[in-house]
Amino acid sequence: MTRYVLQRAAQAVALLALVSLVGYAIMNLAPGGPLAVYMHNPQVTPERIAILRHQLGFDRPWYARYVVWAGALLRGQWGDSYYTGRPVLAMIGERLPATLALMLSAFGLAIALAIPLGTFAATHKYSWGDTALSFGSFFAWAMPTFWFGLMLQLLFAVRWRLLPVAGMHEVGNASLPDLARHLVLPALVLGLGSIASWSRYLRSSLLDVLSQDYVRTARAKGLPEARVRRRHMLRNALIPIATLIGLDLHALVGGAVITESIFGWPGMGRLFLEALNNRDYPVQMAGLMMSAALLVAGNLMADLAYVALDPRIRYQ
Amino acid sequence: MMAARVWGRFRRHRAAVAGAVALALVMGGAALAPLLTPYNPAALDPDHALEAPTPRHPLGTDDLGRDELARLLYGGRVSLLVGMTAMLVGSAIGVTLGSLAGYLGGRVDAAVMRLVDLVLSFPAIFLLLILLNWTAGRAPVALMVGYLGLFGWTGLARIVRAEYLSLREREFVEAARAGGAGVRRVVFRHILPNAMAPILVQAAFAVGGAMLAEAALDFLGFGLPPEIPTWGNLMTQAESYLTSNPVLVIAPGAVVTLSVVAVFFIGDALRDALDVRAR
């Protein structure tokens, strides 16, 4: 087990290195570059541009810059933003809590809704409710995320005035209930796809478990039905879901970029988009690396969860 | 005979039949746009900007006075085209790599599967956005199709590989090989037709996925150029008028949802009708 974890961790590090190299190359080989904005500005003399170019290392090939960047990163230095001049780490520190709050709420909401919905669909197979949930899932997957968000804004914020349109806090109000009110719509938008996939997956997983011998045994022992469902069926049916949840971080990370844009959420996703538009390479790299690290961690957790939850599986 | 049986089973899925009809209507609307609306989707008419729906403009006009229905119909051409062609590009890559991996096995298989794992563990959206900065944050249609295809072949490669792994052991493959057919002929002429069912199912879902991805990129400001009417661009440009003229946002989004749900229903019914899982 320890060897397996170490092996996977080594793979993860190699993967992160590869992502950083590919990302850095694509970013730096793009035509234009961070200094292009100054080219047509008469206030900035060619000499000044030459100095900037040297300071930022653009007079050297991209791979030389990459080595410098990677070396600094290994020492825990993320560099300074080209655009604001501030340390990248400080900029991320301001934005990360908002994104984490959003992702955790979406995640929690998805689990809280997917488990009862999936259980209901499985125990009421082919009923009216099951069919409705199946249709609902297809629509949830088919709606453009941002359109769903705009529709929620239109109904809940503009028409019915139940919830705030956008933002994270009312001005001068940093209380938790205020944050929660602002979180409802974004979390629902971000979590919708996961609610649909996890509940559908749980349904089929529960139906698989239903015909297992140990469920029949549990019933034959005379255990109450509720206990059979909770302890014997749901627990086992949730094992494959754990994997799915780990892999779904992909969707959650990507979805956060869109969700933050819809709701003006001051998180990492919008920071990354701003950095893209400003050709702010250090901030772009930071966003790329953090999303890659999150994905790698998610994949790893998915595999480990499988081992931890299912005693029938042992990695050598 | 076979086709009749498949059609019989497909027809039982009423949602899929409804989806096929809806999709046919949407595609017909896009194809016959000049017959359905007298307006040019790019014709500006600032005096009649942001009009509410009237018989003259059934879906109203946008902030520059362009007829929304015309933009929706002509935009469908782009959005549907991008979805379908991105699926074709992705399928071509996925089928080629997946079939070679499954048929040849060994090192080729290991290399392809490694590549699939690698692509899947890359933060695709972030890399795609960085890549889009090569063309100043917007991609022309052909490039967008290429990008979406490049990031959307992995699922199909896995499925095709698994299919080939089992098909290559069958007698008809041995017979073809004994008859002197080369690798290319065996892989594409003999095995591929027998592996079409899961490919078709996956392709249906890929069309929907590509359409959603393109619309999402439009929304982030990294999609097709803003002057091209796509469903994603229509919604994005109308976002500021969500309260004053909501139909401008509601209509394109509803059409996207309808189209994508239609291809999903069709894919789901095909899975059943072609008996993909059971084999």
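**Exercises on a two-chain predicted model**

The C-alpha centres of domain 1 of chain A and domain 2 of chain A lie 33 Å apart, the domain bounds coming from an automatic or database domain assignment. This is a predicted model, in which local features need pLDDT of at least 70, side-chain atom pairs count only at pLDDT 80 or more, and totals for chains, interfaces and linings use all residues. Residues are numbered from 1 along each chain as its sequence is written, while chains are lettered from A and ligands numbered from 1 in the order in which they are written.

**Exercise 1.** Describe how domain 1 and domain 2 of chain A touch.

Step 1. Chain A is divided into domain 1 (2–74) and domain 2 (89–309).
Step 2. Their contact, where two residues count if their C-beta atoms, placed from the backbone, lie within 7 Å, takes 14 residues from domain 1 of chain A and eleven residues from domain 2 of chain A.
Step 3. On the side of domain 1 of chain A that touches domain 2 of chain A, helix 1 (residues 2–29) of chain A gives the most, with ten residues; helices are DSSP runs of H or I with at least four residues, numbered from the N terminus.

**Exercise 2.** Describe the side of chain B that touches chain A.

Step 1. The contact takes 31 residues from chain B and 36 residues from chain A.
Step 2. Helix 6 (124–132), helix 11 (196–220) and helix 13 (247–273) of chain B each supply at least two residues of this side of chain B, and the largest share, eight residues, comes from helix 13 of chain B.
Step 3. For one residue in detail, Ala216(B) is in contact with Pro144(A), Thr145(A), Phe146(A) and Ile258(A), leaving aside its neighbours within four places in sequence.
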